[in-house]
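Subject: Structure handover

Hello,

Here is the structure I promised to pass on. Please open it first, then read my notes below.

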Amino acid sequence: MTYIVIHPYIFPRINVKDPYKRLGISKEASEDEIQGARNFLVQRYIGHKPSIDAIESAHDKIIMQQFYDRKNPKINIKKKVREVTQSKVMLAITSRFRTPSSNFIVKTSIAFVILGALTVLFPTEEGPTLQVAISLIATMYFIHDRLKNKLRAFLYGAGTFILSWLVGTFLMVSVIPPIIKGRRSLEVTTSLISYVLLWVSSTYLR
């Protein structure tokens with residue numbers, strides 16, 4: 001590494017605040033490069049105490065910062081997200097979904113929004129049994145409409161229906177506090193959560 005000295009007696013970067021810039025090195029410099037820069041500058045300006053103090057101060061700050069960073073490593077969020085999204089498990093999951101046409105998305109959205117509205121507006125003593133049954137039929141219908149395969153439509157529809165109800169029940173019992181008050185509030189809210197998951201399956205599952 002080449003170090004350029006402007007003045008032979010007084011350190012020209014004596015008032016530079018950034019310790020890396022003061023030593024004339026990058027933040028990616030290795031320990032050897034940091035020590036080399038410090039030694040070079042100390043030898044160059046050995047007769048000027050303020051210059052030596054500025055050089056030593058910058059060197060100490062860098063060393064302390066590196067020590068702190070090793071003790072408290074920063075989490076690179078972008079790197080972690082990239083690792084997760086590019087993992088085999090995530091790629092396998094995302095490969096099971098495909099974005100359909102806008103018209104199809106609108107069609108499934110309208111269907112499940114109507115089911116949700118009927119469930120909230122017309123709860124019964126038995127719970128939203130009819131709406132739930134319709135949601136299962138709608139899921140199978142939409143999946144078949146996209147995949148043109150009755151067996152896969154049945155298996156995907158039944159599987160996502162069971163999974164959505166398990167997830168919805170778990171969330172309502174263990175995680176989410178009651179959102180909707182009134183008769184059959186637990187069943188109604190669980191149904192709404194299930195409709196969201198069923199809509200995703202109906203629309204995007206391949």
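A salt bridge here is a side-chain nitrogen of Lys or Arg within 4 Å of a carboxyl oxygen of Asp or Glu. Side chains of opposite charge can pair when their charged atoms come close.

Two points on the source. This is a predicted model, where local features need pLDDT of at least 70 and side-chain atom pairs count only at pLDDT 80 or more, while totals for chains, interfaces and linings use all residues. Residues are numbered from 1 along each chain as its sequence is written, and side-chain values use heavy atoms, with hydrogens and water left out.

**Overall layout**

The protein chain has nine helices and zero strands. Both kinds of element are DSSP runs, numbered from the N terminus: helices are H or I with at least four residues, strands are E with at least two. The pattern along the sequence is α-α-α-α-α-α-α-α-α.

The chain has 206 residues, and 28% of them are buried. Buried means under 20% relative accessible area, exposed means over 50%, and partly exposed lies in between (1.4 Å probe, protein chains only).

Now the contacts, meaning heavy atoms within 4.5 Å. Take those in the protein chain with a separation of 6 or more: 67% of them come from residues 24 or more positions apart.

**Salt bridges**

How many salt bridges does the structure hold? There are five.

Glu31 and Arg70 form one of them, at 3.3 Å from N to O. This pair links distant parts of the chain. Glu31 is in helix α2 (residues 31–44), Arg70 is in helix α3 (residues 49–71), and they sit 39 residues apart. Arg70 is exposed, at 53% relative accessible area.

Glu56 pairs with Arg38 in a salt bridge, with the closest N and O atoms 2.5 Å apart. Again distant parts of the chain are linked: Glu56 belongs to helix α3 and Arg38 to helix α2, 18 residues apart. Glu56 is partly exposed, at 22% relative accessibility.

Asp53 and Lys49 also meet in a salt bridge, at 2.9 Å from N to O. Both lie in helix α3, four residues apart, which is about one turn of the helix. Asp53 is partly exposed at 39% relative accessibility. Lys49 is exposed, with a relative accessible area of 60%.

There is also a network: Lys107, Asp145 and Lys148 are joined by salt bridges that share partners.

**A closer look at Lys148**

Where is Lys148 found? Look in the loop between α7 and α8 (150–175). Lys148 counts as exposed, at 59% relative accessibility.

**Two packed helices**

Two packed helices are described by the angle between their axes and the distance between the axes. Axes are lines fitted to C-alpha atoms, for helices over the stretch in contact, and angles run from 0 to 180 degrees between N-to-C directions.

Helix α7 (residues 129–147) packs with helix α9 (residues 185–204) at about 10°, and their axes are 8 Å apart. The two are therefore roughly parallel (angles under 35 degrees).

Which residues of α7 and α9 meet? Among those in α7 are Val132, Phe142 and Ile143. Among those in α9 are Tyr195, Leu198 and Tyr204. The residues of this contact divide into six nonpolar, seven polar and one charged. Ala, Val, Leu, Ile, Met, Phe, Trp, Tyr, Cys and Pro count as nonpolar, Asp, Glu, Lys and Arg as charged, and the others, Gly among them, as polar.

Best wishes

Conventions
Angles under 35 degrees count as roughly parallel, over 145 as roughly antiparallel, 65 to 115 as roughly perpendicular and the rest as oblique.
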